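Subject: Structure handover

Hello,

Here is the structure I promised to pass on. Please open it first, then read my notes alongside it.

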Amino acid sequence: MLKADIEDQIADKLYEAERHVYEVDKFTEQFPELNVELGYDIQDKLIEIKCKEEQAKISGWKLGLTSKSKQEMMGVHEPSYGVLLDSMQLFEGEPISTQSLIHAKVEPEIAFIFNKEISGGVISVTDVLDATAYITPAMEIIDSRYRNFDFTLPDVVADNSSSSRYILGERLYQVNDVDLRLMGMVFKKNGEIIETSAGASVMGHPARAVAWLANKLQKRGQRIKPGEVVLSGALSKAFSIAAGDHFSVSFDGIGTLEAAFKE
Ligand code: 0L1
Ligand code: MG
C-alpha cells in the first residue's frame, strides 16, 4: 500500500474512534512499515482532519512519555509529542463530562505559555526559559483510542500521543520566580493524596522536555509560536477517571488546580 494511503486510512480510523467513542487495535501489527516518523505524519493528517471537521485551531503542544519509568515500560529512549487544539481546552470549575471519553486518565503537568517564537540552532533549556512568558499548573486528560492503552511508540504518536483534553490554572506565574526542578507537587483524588513528586521527574527539568520538543518540531519544519501553550509531560503516572471523581494538583509556589468529573 502507498504511504499516503496508509496515512489516510489510519488517521481516518483514529478520528472515527474518537468521534464515536470506541477503541481500536494498534496498527503496527497490520502495518509493519509504521515507524515513529510515519506516526508523526499520521498525527499531522489527524490534526488536519480535526481542524477541518471541528473548526478547531492549534493552541499548543504536549509532551508524553517524559518519565523514565514510562519510557522503560515502553522500551523507548525518547518522549513523544502531540498537538493541542483550542477545542480540547476545559476550564476549572466546569464539571467535566466523561461521556465523550473512552477510558480516560488524568495526570498532573506544568504548562508553559510562550511569548516568543522558539527556533534556531540547537534549542536549549535557557532558550526555552527566555521565551516563556508564564507557567501555570495544568492537568492533562489522556484517552488512548487503542484497546486497553495497548500500543507501541509509532501507534501512540499517530494517535496524537493520547491527547484528549487539558485544563490550565487561571493564575499565571513568572518562570524566574520558581525553581522548576525542585518545585514540589501533591496530587489528590477525592481528598486523598495519590502522588507526590517534583519538577525533576520530567526529564530532570520540565524545560528540558520542552527543549526536546522544540528541537524535534524544528526538524519537522514546525515550531512553538508566541501565545502557544506546552504541557511539560506528567509529574506522576496517570489515574483512571470515573464520574463523581475530584482531582486536585498543588505545586509549590504556583498554587492549586482542581477538576471534577460527572456522568
Ligand atoms: O501524556 C502522556 O504522557 C501520554 C503519552 C502517551 C502514552 C499514554 O497514553 O500513556
Ligand atoms: Mg501528559
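The largest pocket has a volume of about 470 Å³. Its lining is made up of 25 residues, and those closest to the pocket centre are Leu65, Lys70, Met73, Glu107 and Ile142. Strand S1, helix H3 (68–74) and strand S5 each give at least two residues to that lining. The largest share comes from H3, with four residues. Please keep in mind that this is a predicted model.

**The metal site**

Which residues coordinate the magnesium ion (ligand 2)? They are Glu107, Glu109 and Glu140, each through OE, at 1.9 to 2.0 Å. Along the chain, these donors follow the spacing E-x1-E-x30-E. Glu109 sits in strand S5 (residues 105–114) and Glu140 in strand S6 (residues 132–142), so this pair ties together parts that are 31 residues apart in sequence. Glu109 and Glu140 are both buried.

Start with helix H6 (residues 206–219). Its 14 residues should span 20 Å at 1.5 Å a residue, and the end C-alpha atoms are 21 Å apart, which agrees. Why can H6 be called largely enclosed by the rest of the structure? Because 11 of its 14 residues are buried. Among them are Ala207, Val210, Trp212, Leu213 and Leu217. The cover over the buried residues of H6 includes helix H2 (36–53), strand S1 (58–64), strand S2 (80–85), S5, helix H4 (125–131) and strand S10 (229–231). After H6 comes Gly221, with a positive phi near 75°.

Now take H2. Its 18 residues should span 26 Å at 1.5 Å a residue; the end C-alpha atoms are 25 Å apart, which agrees. The buried residues of H2 include Leu38, Tyr40, Ile42, Leu46 and Ile49. The buried part of H2 packs against helix H1 (3–19), S1, S2, H5 and H6.

Is Ser162 buried or exposed? Ser162 has 4% relative accessibility, under the 20% cut-off, so it counts as buried. Its place is the loop between helix H5 (153–158) and strand S7 (163–168). Leaving out residues up to four places away in sequence, Ser162 touches Lys62, Ile141, Ile142, Asp143, Ser144, Arg145, Phe151 and Val156.

Gln99 lies in the loop between strand S4 (96–97) and S5. At 56% relative accessibility, over the 50% cut-off, Gln99 counts as exposed. Beyond its neighbours within four places in sequence, Gln99 is in contact with Val21 and Glu263. For a sense of scale, pick Ala214, one of the buried residues of H6. Gln99 and Ala214 are 115 residues apart along the chain, and their C-alpha atoms are separated by 34 Å.

**The annotated domain**

One feature comes from a record. An unreviewed UniProt entry places "domain: Fumarylacetoacetase-like C-terminal" at residues 87–260. Over that stretch the chain is 16% helix and 35% strand. The end C-alpha atoms of the stretch are 19 Å apart.

Over to you.

Best wishes

Conventions:
Residues numbered from 1 in each chain as written. Chains lettered and ligands numbered in written order. Predicted model: local features only at pLDDT ≥ 70, side-chain atom pairs only at ≥ 80, totals over all residues. Heavy atoms only, no water. Donors = N, O, S within 2.8 Å, 3.2 Å for Na, K, Ca; no water. Buried < 20%, exposed > 50% of the residue type's maximum accessible area, 1.4 Å probe, protein only. Contact = heavy atoms within 4.5 Å. Expected span 1.5 Å × (residues − 1). UniProt positions renumbered as here; feature names shortened; annotations may be inferred. 1 Å grid on protein atoms, 1.4 Å probe; cavity = no way out; pocket = protein on both sides within 12 Å on 5 of 7 lines; lining within 4 Å. Points joined across faces, edges and corners; volume = space filled by probe spheres on them.
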